[in-house]
Each structure stands twice: as C-alpha cells, then as structure tokens.
Amino acid sequence: MLDKNMKNIKKCVVKRKGHLEKYDEKKVHASIYAAALNCEHKEEFAEKLAKKIMKKANNWFKKQAKTKDCINSEDISNYIIKSIKDRDIKLMYKHHLDLS
C-alpha cells in the first residue's frame, strides 16, 4: 500500500528497509560508474557503461511500472547485475549493494 505522499509518484521503489522512494536513474548511473572505476577502468569506459546500463534499467523499469505501483529495489539490482557483462564490475556492484 502506498502512503499518501507517494500516491502520485509513478516510478516508486520499495527499498530494502521497506520505505518508498521515487526511482532515480542517477543512482543507477552512479553505482555502475563507481563499480567500473573501482575495477580500474578509465573514466570514459565507466561513463559509457553507466549510460548503457542506466538506459537498459530505465526501459526495464518503465515496463515493470506499467503493471505495478512500486518495484522492489532488489528486483532492480538483480536486473542491473544481469545486464553487466564484465564479471569484475558485476562483483564490485554486488559488493557495493552489500555495503549500502
């Protein structure tokens, strides 16, 4: 059930602790970018990868949002993990999730 402050937000995310947030593509971008940099990739590569994965995640989220009021953050993370091909970046992204 959405609380009254979130009713008009179409892109709603249920976070791990149960609270709701508006979907923020910048968070997706930042986490992918950071994971790539932590794997010692160059900034240019990290930026391209982050934009590519963010775009895919945004499209996936929009499709999910057509049938659901809110999307679980774990589902978003799992989609992102499946979208990352580089195993080191994937591992770094997973560890980032564990620490946050």
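Predicted model: local features only at pLDDT ≥ 70, side-chain atom pairs only at ≥ 80, totals over all residues.

**Entry 1: serine 83**

I started at serine 83, which sits in helix α3, residues 73-83. For the record, helices (H or I, at least four residues) and strands (E, at least two) are DSSP runs, numbered from the N terminus. Residues are numbered from 1 along each chain as its sequence is written, and side-chain values use heavy atoms, with hydrogens and water left out.

Is serine 83 buried or exposed? I get buried, because its relative accessible area is 8%. My cut-offs are under 20% relative accessible area for buried, over 50% for exposed, and partly exposed in between, using a 1.4 Å probe and protein chains only.

What does the side chain of serine 83 reach? I looked it up and found the backbone oxygen of tyrosine 79, at 3.0 Å. I'd call that a polar contact under this rule: a pair of N or O atoms within 3.5 Å, where within protein one must be able to donate a hydrogen and the other to accept it, and residues adjacent in sequence count only if both atoms are side-chain atoms.

I then left aside the neighbours within four places in sequence, and serine 83 turned out to be in contact with Ile53 and Lys56. Contact here means heavy atoms within 4.5 Å.

**Entry 2: salt bridges**

How many salt bridges does the structure hold? I have 4, each one a side-chain nitrogen of Lys or Arg within 4 Å of a carboxyl oxygen of Asp or Glu.

I checked glutamate 44 with lysine 48, where the closest N and O atoms are 3.5 Å apart. Both glutamate 44 and lysine 48 are exposed. They are 4 residues apart in helix α2 (residues 43-65), so about one helical turn separates them.

Also in helix α2, I find lysine 51 and glutamate 47 at 4 residues apart, so again about one helical turn lies between them. The closest N and O atoms of their salt bridge are 3.9 Å apart. Lysine 51 counts as partly exposed at 49% relative accessibility, and glutamate 47 is partly exposed too, with a relative accessible area of 26%.

Salt bridges that share partners join Lys15, Glu21 and Lys27 into one network. Within it I looked up glutamate 21 with lysine 15, whose closest N and O atoms are 4.0 Å apart. Glutamate 21 is partly exposed at 24% relative accessibility, and lysine 15 is partly exposed with a relative accessible area of 26%.

**Entry 3: helix α1 and what follows**

I went over helix α1 (residues 25-38) next: it has 14 residues and reaches 20 Å from its first C-alpha to its last, close to the 20 Å expected at 1.5 Å a residue. That expected span is 1.5 Å times one less than the number of residues.

At the start of α1, I see a side-chain oxygen of aspartate 24 within 3.0 Å of the backbone nitrogen of lysine 26. The buried residues I noted in α1 include Val28, Ile32 and Ala35.

Glutamate 40 follows α1 and lies in the loop between α1 and α2. Its phi is near 65°, a positive value in a residue other than glycine. I have glutamate 40 down as exposed, because its relative accessibility is 76%.

**Entry 4: the sheet**

What is the strand order? I read it as β2-β1-β3, an open sheet of 3 strands with mixed pairing; two strands pair if DSSP finds at least two bridges between them. The edge strands are β2 (20-22) and β3 (70-72), each pairing on one side only.

Strand β1 (residues 12-14) and β3 run parallel and are joined by 3 bridges. Valine 14 stands opposite asparagine 72 in β3. α3 packs on the sheet, touching β1 and β3, and its direction makes about 60° with that of β3. Axes are lines fitted to C-alpha atoms, for helices over the stretch in contact, and angles run from 0 to 180 degrees between N-to-C directions.

**Entry 5: whole chain**

I count 4 helices and 3 strands, following the pattern β-β-α-α-β-α-α along the sequence. Buried residues make up 32% of the 100 residues in the chain.
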